[in-house]
Amino acid sequence: ATTEIYTLSLHDALPILGLRRVEERVRGFLELLALDYGQYCETGLRLDLRLTHQEMASALGTTRVTVTRVIGQLRQEGWLRFDQQKRLLITHVPQR
């Protein structure tokens with residue numbers, strides 16, 4: 001199996017890490033990934049990369065449980081969903 005490495009520029013990541021509320025950090029992190037690696041589709045932006053909740057938590061300075069909770073909230077809001085292949089779809093397309 002191959003391991004893919006995704007890098008975010010420090011310039012883009014620092015503002016996200018400075019956000020106080022973890023909900024804002026998770027949303028900002030997903031928006032940044034979507035803008036850098038997402039593919040436009042009929043429902044928004046599709047993120048076709050494997051990233052665990054633990055990896056996200058480590059990158060954002062929080063816990064896996066918190067990331068899982070926030071992703072659940074974002075799904076309930078309709079801000080994101082998963083397609084049949086378990087790829088993340090961000091229905092709110094962020095602007096740069």
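Analyst: Residues count as buried under 20% relative accessible area, as exposed over 50%, and as partly exposed in between (1.4 Å probe, protein chains only). The model is predicted, so local features need pLDDT of at least 70 and side-chain atom pairs pLDDT 80 or more, while totals for chains, interfaces and linings use all residues. Numbering starts from 1 along each chain as its sequence is written, and side-chain values use heavy atoms, without hydrogens and water.

Four helices and four strands make up the protein chain (DSSP runs numbered from the N terminus; H or I, at least four residues, for helices; E, at least two, for strands). Their order is α-α-β-β-α-α-β-β. Helix 2 has 16 residues and spans 22 Å between its first and last C-alpha, close to the expected 22 Å (1.5 Å times one less than the number of residues).

Now the packing. Buried in helix 2 are V22, R25, V26, G28, F29, L30, L32, L33 and A34. The largest nonpolar core has 20 residues (buried Ala, Val, Leu, Ile, Met, Phe, Trp, Tyr and Cys, joined through side-chain atoms within 4.5 Å). V26, L30, M56, L74 and L80 touch the most other members. Helix 2, strand 2, helix 3, helix 4 and strand 4 each supply at least two core residues. Helix 2 gives the largest share, six residues. Nonpolar side chains tend to be buried together in soluble globular proteins.

T63 lies 41 residues from V22 along the chain, with 9.9 Å between their C-alpha atoms. T63 sits in the loop between helix 3 and helix 4. T63 is partly exposed because its relative accessibility is 42%.

Next, the charged partners. The structure holds six salt bridges (a side-chain nitrogen of Lys or Arg within 4 Å of a carboxyl oxygen of Asp or Glu). E23 pairs with R21 at 3.5 Å. E23 also meets R69 at 3.4 Å, N to O. That pair links R69 in helix 4 to E23 in helix 2, 46 residues apart. E23 is partly exposed at 21%, as is R69 at 39%.

A further bridge joins E77 and R27 at 3.0 Å, N to O. E77 is in helix 4 and R27 in helix 2, so this pair ties together parts 50 residues apart in sequence. E77 counts as exposed at 52%, whereas R27 is partly exposed at 25%. Shared partners join R21, E23, E24 and R69 into one salt-bridge network.
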